[in-house]
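Reader: Please take one chain of this model and give me a close, connected account of how it is built and how it sits against its surroundings. I would like each criterion stated where it is first used.

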Amino acid sequence: MFKPWSKIQWFLMGMGVFALILMPSFSENDVIRKWMDILMIAILATSWNFIGGLTGYPSFAPAAFFGLGAYITAILMNAGFNFFLTLAIGSAFGGVIALLLGIPILRLRGHYFAIATFGVAEFFREMADNLRITGGGDGINLPQIIGGPDYFTRFFYFSMLGVAVLAFLVQYFVTRHRLGYGLVAIRENEDAAAMTGIDTTKYKIIAFVLSSVFPAMAGGVYAYRAAFLEPIDVFDILFSIKAIVMTMLGGVGTVMGPLVGSFLMEYLADYLWSAFTEFHSMLLGIIIVLSVLFLPRGLMHLFQELRLKGWRSLGAILRNNIQRFRV
Amino acid sequence: MIYIQILINSILLGGIYACIAVGFSLVWGVMNILNILHGTFLMLGGYITFWLFKLYGVDPFLSLPISAIVMFAAGYAIQRGLINKIVRAPMFMSLILTFGLQMIVVRLAIYFFTGDFRTVQPSYASFSISFYGLIIPFIRVAIFSLGVILTGLLFWFMAKTRTGRAIRATRMDLDSAQLMGVNIGNIYAITYGLGAAVAATAGSLVSVGFAISPVSDLEFLSKAFIICTIGGLGNISGALAGGLILGLVENFGALYLGPGLQNAVGYVVLILVLFIRPTGLLGRKGFE
Amino acid sequence: MSEVLLEGRAVSKRFGGLTAVSAVDFTVYKGEILGLIGPNGAGKTTLLNCITGFDSLNEGEIFFRGTRIESLKPHVITRMGIARTFQIVQPFPNLTVLDNVTMGALFGSLDARKEVKRAHAVAEEKLEMVGLINKADSLASQLTLAERKRLEFAKSLATDPEIILLDEVNAGLNQAEILNAIALIRKVRDQGVTVLIIEHLMKVIMDLSDRVIVLHHGEKIAEGAPREVTSDEQVIKAYLGEKYVAMMEKLG
């Protein structure tokens with residue numbers, strides 16, 4: 001299932017990360033900002049993969065924990081906390097909330113689970129809209145970061161990169177150990193998983209917690225960078241949707257899938273919709289529809305098939321894909 | 001007195017809610033599709049009524065059948081041409097597909113209709129009956145009654161017609177329905193078309209009493225989520241019960257906690273119901 | 001007979017008004033093959049569900065090596081050493097045959113600190129045993145029914161059980177496949193695993209079982225050596241119906 005990576009694979013990955021580390025030294029600020037957004041989506045997608053991809057529970061919760069982390073950083077930084085400390089507290093708090101919510105929610109299956117997580121995200125937003133501590137619908141200001149745009153663009157970029165690398169490493173090690181096998185068994189057949197001795201409740205909760213801590217961290221970075229938060233902004237269900245879509249595009253349940261999906265699509269899409277800024281969301285919609293129809297198992301799977309059958313069979317593979325799940 | 005007034009408001013609102021949710025429940029129950037486009041169909045129905053009224057002066061209640069027919073055709077085409085292709089894929093694929101379609105349609109709606117809030121204002125919009133200090137707006141009563149009639153019609157259709165029976169057979173057992181000669185692709189498309197038609201009609205009704213915009217659709221959708229989960233999916237009486245409960249909860253929530261928390265209360269009830277009875281209050285076991 | 005491994009006392013399970021299992025006592029001794037038979041709807045599978053923690057009991061107690069297990073969760077019961085197969089096979093469809101069995105080895109036993117590599121080795125050994133090793137890299141969903149039944153068997157064996165509960169492992173198999181399965185079950189028992197088998201095919205039960213328990217309408221109506229049980233009048237009635245027995249008596 002998940003074979004440990006070879007030295008070459010690690011080397012290539014290391015080169016990739018190295019390139020991302022060097023990139024800001026010779027790039028414009030707006031390029032760096034774009035990559036920061038890509039990394040943020042990659043974090044959300046990788047996190048969603050824990051619960052949605054590996055465990056098979058379609059969650060809309062990333063937006064909930066992203067917003068939660070953002071608000072915790074905002075509130076704590078206003079109280080004078082160190083930024084990095086707020087990230088740690090935010091993700092720990094996100095993890096605890098995920099644990100408490102997960103115990104009842106993860107008893108639900110299928111669409112009921114999806115709706116419950118959607119309800120959680122919306123409930124969080126409504127609370128942020130009404131509580132005094134979050135500034136209500138008026139939003140909340142954060143302390144401005146000190147330093148010029150060159151400095152803070154890089155500061156936020158490297159913070160995001162750090163979270164992304166952490167999320168990736170955790171996912172890699174989870175999938176290469178018992179935990180990952182257990183999660184996949186639950187996705188494939190939950191009753192049979194219990195019968196092979198897997199504590200399904202515990203495993204599902206672990207997956208849900210893992211899928212919540214990293215979005216909370218990313219939310220914290222986002223908050224400090226934005227310097228101003230509104231509930232509708234950070235509890236946007238589109239964060240969850242993007243996480244799901246990018247993972248699906250790349251390949252559900254694979255470690256590289258969420259990364260490939262986010263990098264490729266966000267980057268390509270960026271070119272596409274700089275031409276049609278007004279129709280940004282429509283283009284994303286079209287990409288979603290086409291990829292669901294033609295790449296239901298994601299790009300990683302497509303690459304594998306192409307390697308086996310050759311590029312010439314691309315048309316046949318796509319035709320086959322759209323026939324696969326029809327009535 | 002205020003309690004009775006709120007009770008009346010809740011019931012009137014609940015009837016509309018039921019009507020909003022019933023098509024969503026149908027599509028979910030029969031095909032196990034969480035139809036993100038549902039709110040969009042409502043929104044489009046509302047706009048059909050709005051434009052017919054604004055451009056040609058068509059009375060909003062007369063445009064209901066037009067909404068229904070147009071959106072039935074659209075729904076049928078969407079299911080036949082797109083969703084049927086992935087019906088057997090893991091269930092969140094259909095969810096994502098309808099989400100993608102929603103993004104396209106909503107963006108186009110913003111382009112053509114602008115993002116302004118619209119409401120249909122016929123001459124009789126402000127009529128109301130009042131007695132003993134209670135106010136009962138005529139329009140709300142009309143919407144409520146039509147909503148209930150519409151729900152009843154759907155109930156009758158499912159129970160009595162040949163197609164309705166084929167839909168129920170398909171829902172219970174896909175494979176044996178197929179063996180009995182039911183054309184599944186067609187039945188699915190009809191079901192989806194029906195869901196869209198009922199949604200559009202509900203949207204037409206809503207546009208008379210409430211303001212709509214292209215982005216109202218997610219609000220409608222989240223109401224449908226909550227109502228179906230409270231009532232249990234796939235049965236029409238569940239949608240009615242869920243609609244009434246949500247109407248009551250929201251209005252009394254607004255009274256006690258302030259209008260800002262009205263929606264939050266709805267989500268709390270949603271999550272509570274899921275905890276206590278994962279299949280909804282009137283739901284049956286065995287559907288995911 | 002030797003030591004008691006698994007024991008049920010007055011086990012009852014009701015679904016609404018229907019009593020699926022009614023005050024059944026049973027004992028499984030270490031090292032035996034115990035057959036569990038009865039007409040359709042007799043409550044055999046429900047009894048297995050009760051033992052493995054999938055259904056909760058309404059009354060009664062179940063002991064495994066002297067420990068009460070009736071309120072434990074399925075995964076705990078599996079780890080204690082009770083494995084089962086399902087009447088309708090339950091593979092992990094999109095995983096390879098090897099990965100399917102690996103799951104059992106990774107999670108099945110109490111000393112499950114084994115890591116993935118070690119679990120793969122155990123899985124290969126079990127696949128060898130059931131004769132599926134040449135299919136190790138196929139997806140579970142690509143197997144034939146007979147192969148899936150053997151996969152299910154290998155998966156349960158990989159959990160390193162002391163007792164294995166087999167629910168109609170032979171249903172839908174042809175003659176040659178059945179002979180194969182019988183040999184396999186013997187082999188498993190000879191390695192020290194106790195077997196409780198639900199089976200419709202009388203031939204299999206007569207061949208394999210040391211003892212047989214007969215359920216009818218949720219009640220235990222007979223227990224004993226295969227030959228005794230099959231000549232028991234109540235059992236014949238249960239299987240063939242009262243009328244048939246009356247007719248046979250009239251005919252002498």
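Author: Two residues are taken to be in contact if their C-beta atoms, placed from the backbone, lie within 7 Å. By that criterion, chains A and B share the most contacts of the 2 pairs of chains that touch, and chain B is the part followed here. The model is a predicted one, in which local features need pLDDT of at least 70 and side-chain atom pairs count only at pLDDT 80 or more, whereas totals for chains, interfaces and linings use all residues. Residues are numbered from 1 along each chain as its sequence is written, while chains are lettered from A and ligands numbered from 1 in the order in which they are written.

Chain B taken by itself has 11 helices and 2 strands (helices are DSSP runs of H or I with at least four residues, strands are runs of E with at least two, and both are numbered from the N terminus). Along the sequence these elements follow the pattern α-α-α-α-β-β-α-α-α-α-α-α-α. The radius of gyration of chain B, taken over C-alpha atoms, is 19 Å, close to the 19 Å given for 288 residues by the globule rule (2.2 Å times the number of residues to the power 0.38), so chain B is as compact as a globular protein of that length. Its C-alpha trace spans about 60 × 50 × 35 Å along the principal axes. Of the 288 residues, 55% count as buried, a residue being buried if 20 or more other C-beta atoms lie within 10 Å of its own, exposed if 12 or fewer do, and partly exposed in between, with the C-beta atoms placed from the backbone. Among the contacts in chain B with a separation of 6 or more, 77% are accounted for by residues 24 or more positions apart.

The two strands of chain B belong together: β1 (residues 128-131) and β2 (residues 134-137) pair in the antiparallel sense over 4 bridges, where pairing requires that DSSP find at least two bridges between the strands. B:F131 has B:L134 in β2(B) as its bridge partner. The two strands form a hairpin with 2 residues between them, and in this turn B:Y132 has a positive phi of about 50°. Another local detail comes at helix α10 (residues 236-257) of chain B, whose 22 residues reach 31 Å from the first C-alpha to the last, close to the expected 32 Å (1.5 Å times one less than the number of residues). Just after α10(B), B:G258 takes a positive phi of about 100°.

Turning to the partner, the contact between chains A and B takes 39 residues from chain B and 39 residues from chain A. On the chain B side, α4 (91-113), α8 (184-209), α9 (217-231) and α11 (262-276) each supply at least two residues. The largest share of that side, 13 residues, comes from α4(B). By residue class, the chain B side divides into 28 nonpolar, 7 polar and 4 charged residues, with Ala, Val, Leu, Ile, Met, Phe, Trp, Tyr, Cys and Pro counted as nonpolar, Asp, Glu, Lys and Arg as charged, and the others, Gly among them, as polar.

Leaving aside neighbours within four places in sequence, B:I96 is in contact with A:I244, A:V245, A:M248, A:I288 and A:V292. B:I96 also stands, with A:M160 and A:A218, among the members that touch the most others in the largest nonpolar core, a set of 274 residues (buried Ala, Val, Leu, Ile, Met, Phe, Trp, Tyr and Cys residues joined through C-beta atoms within 7 Å). The largest share of this core, 16 residues, comes from helix α9 (residues 200-226) of chain A.

Buried residues make up 53% of chain A, and the C-alpha atoms of chain A fill a box of roughly 55 × 50 × 40 Å along the principal axes.

Chain C, finally, does not touch chain B, the nearest C-alpha atoms of the two being 12 Å apart. In chain C, 4 strands form an open antiparallel sheet in the order β2-β1-β4-β5, with β2 (18-29) and β5 (67-68) as the edge strands, each pairing on one side only.
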